[in-house]
Amino acid sequence: LLGADASPRRSIFGKIDRRFLPGVLRVFDFANPELHSPGRYDTNVPQQALFFLNSPFTIQRARALVRNLSESSPEARVRRMFAAVYQRDPTPEQLAASLEYVREAEPAPDPDAALTAATRAWHYGFSKVDQESNAVTGFTELPHFDGTQWSGGADWPDAQLGWVRLTADGGHAGNTVDHAAVRRWIAPAEAVIRIHGAVEKIQECGDGVRVFICSGESPLDAWQVEFGATTETNVDRVPVVAGEAIDFVVDCGANNDFGCDGFRWTIRIEQLNADGVVMQTWDSSRDFGGDVSHPEPLTEWERLAQALMLSNEFIFVD
């Protein structure tokens with residue numbers, strides 16, 4: 001009814017499946033199709049306003065209305081919008097209020113603005129682990145962040161990338177050694193760093209996980225981690241250059257047994273000066289984050305168009 005293939009036109013007749021009545025019709029108190037209904041009752045409940053505020057369908061219609069505006073002056077554009085939505089001119093008060101809104105509307109916020117420099121230093125993905133050298137190759141960033149975890153998609157496990165995921169305090173290894181979970185830190189400048197960490201397997205079943213810290217494709221150290229024990233993952237005084245990647249890797253092991261491979265791993269990176277004094281720190285849990293996928297924000301004209309569609313005058317046209 002209002003999905004990706006929805007018609008932008010109002011219709012007089014439409015197919016109704018009496019057993020599977022669309023939810024949007026229930027929101028607007030659609031009459032019971034099993035009964036005779038000679039008239040429509042006017043209702044106004046919060047669900048209706050929320051639908052028009054949040055529905056992708058109405059957002060698409062607002063964008064389409066603005067795309068079709070050819071008028072150059074703001075006043076002419078407002079008059080054209082009222083004519084398209086209400087089939088009338090705006091009142092003087094409505095015209096003035098609309099022009100004031102468009103003129104003073106603030107730009108949409110940048111979703112990346114809240115990310116700190118420390119957060120931007122971390123990247124989240126998966127890689128292949130070479131079975132002979134323990135080198136990590138083919139780093140690919142995970143495509144989906146929902147605010148709490150990086151993974152292959154909205155569903156976990158993902159149909160393509162499986163069980164691999166990373167959270168603020170750990171994650172889960174992927175289904176094979178080709179999908180090792182990788183938390184990557186990028187050095188912002190030339191420095192000497194020290195790494196402190198502790199990793200543990202959080203599920204009793206399974207055959208353990210393998211843990212690596214790598215600089216580029218060269219492993220700095222590696223551990224086999226079993227349930228019931230905390231393993232320290234400390235590396236002292238590692239020189240890095242600007243842009244160099246340090247990878248913190250967990251895979252399911254050579255047997256590709258990925259069952260029960262959830263883990264907890266906290267990582268702290270310290271930048272040291274020549275005297276060994278800590279100058280700056282990065283913390284994998286504190287700095288965890290990313291840009292949650294946001295739809296493209298509406299412009300001030302598109303927001304005005306949507307506001308016009310939120311009115312009872314538009315919703316309840318007889």
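**Close-up 1. Phenylalanine 248 and tryptophan 265 are both buried.** Buried means under 20% relative accessible area, exposed over 50%, and partly exposed in between (1.4 Å probe, protein chains only). This is a predicted model: local features need pLDDT of at least 70, side-chain atom pairs count only at pLDDT 80 or more, and totals for chains, interfaces and linings use all residues. Residues are numbered from 1 along each chain as its sequence is written, and side-chain values use heavy atoms, with hydrogens and water left out. The ring centres of phenylalanine 248 and tryptophan 265 lie 5.7 Å apart with planes at 80 degrees, so the pair is edge-to-face. Rings of Phe, Tyr and Trp (its six-membered ring) pair if their centres lie within 6.5 Å; planes under 30 degrees apart count as stacked, over 60 as edge-to-face and the rest as tilted. Phenylalanine 248 belongs to strand S13 and tryptophan 265 to strand S14, so the contact ties together parts 17 residues apart in sequence. Helices (H or I, at least four residues) and strands (E, at least two) are DSSP runs, numbered from the N terminus.

**Close-up 2. Strand S13 is mostly covered, with seven of its seven residues buried.** Both faces are covered. Ala245, Asp247, Val249 and Asp251 are buried on one side. Ile246, Phe248 and Val250 are buried on the other. Strand S7 (residues 180-186) pairs with S13 in the antiparallel sense over six bridges. Here, two strands pair if DSSP finds at least two bridges between them. Alanine 181 has valine 250 of S13 as its bridge partner. S9 also runs antiparallel to S13, joined by six bridges. Cysteine 214 has aspartate 247 of S13 as its bridge partner.

**Close-up 3. Tyrosine 124 and tryptophan 150 form an aromatic pair.** The structure has nine aromatic pairs by the ring rule. In this one, the centres are 5.7 Å apart and the planes meet at 15 degrees, so the pair is stacked. Tyrosine 124 sits in strand S1 (residues 122-129) and tryptophan 150 in strand S4 (residues 149-151). The two are 26 residues apart and link distant parts of the chain. Both are buried. Tyr124, Phe145, Trp150 and Phe288 form one aromatic cluster.

**Close-up 4. One disulfide is present in the structure.** Cysteine 205 is joined to cysteine 260, S to S 1.7 Å. A disulfide here is a pair of cysteine sulfur atoms within 2.5 Å. The link of cysteine 205 and cysteine 260 is left-handed, with -90 degrees about the S-S bond. Cysteine 205 lies in the loop between strand S8 (191-201) and strand S9 (209-215), and cysteine 260 in the loop between strand S13 (245-251) and strand S14 (262-272), so the bond ties together parts 55 residues apart in sequence. Cysteine 205 is partly exposed, at 38% relative accessible area.

**Close-up 5. Cysteine 214 is in no disulfide, and neither is cysteine 252.** For cysteine 214, the nearest cysteine sulfur is that of cysteine 252, 15 Å away. Cysteine 214 is buried at 0% relative accessibility. For cysteine 252, the nearest cysteine sulfur is that of cysteine 260, 12 Å away. Cysteine 252 is buried, with a relative accessible area of 1%.
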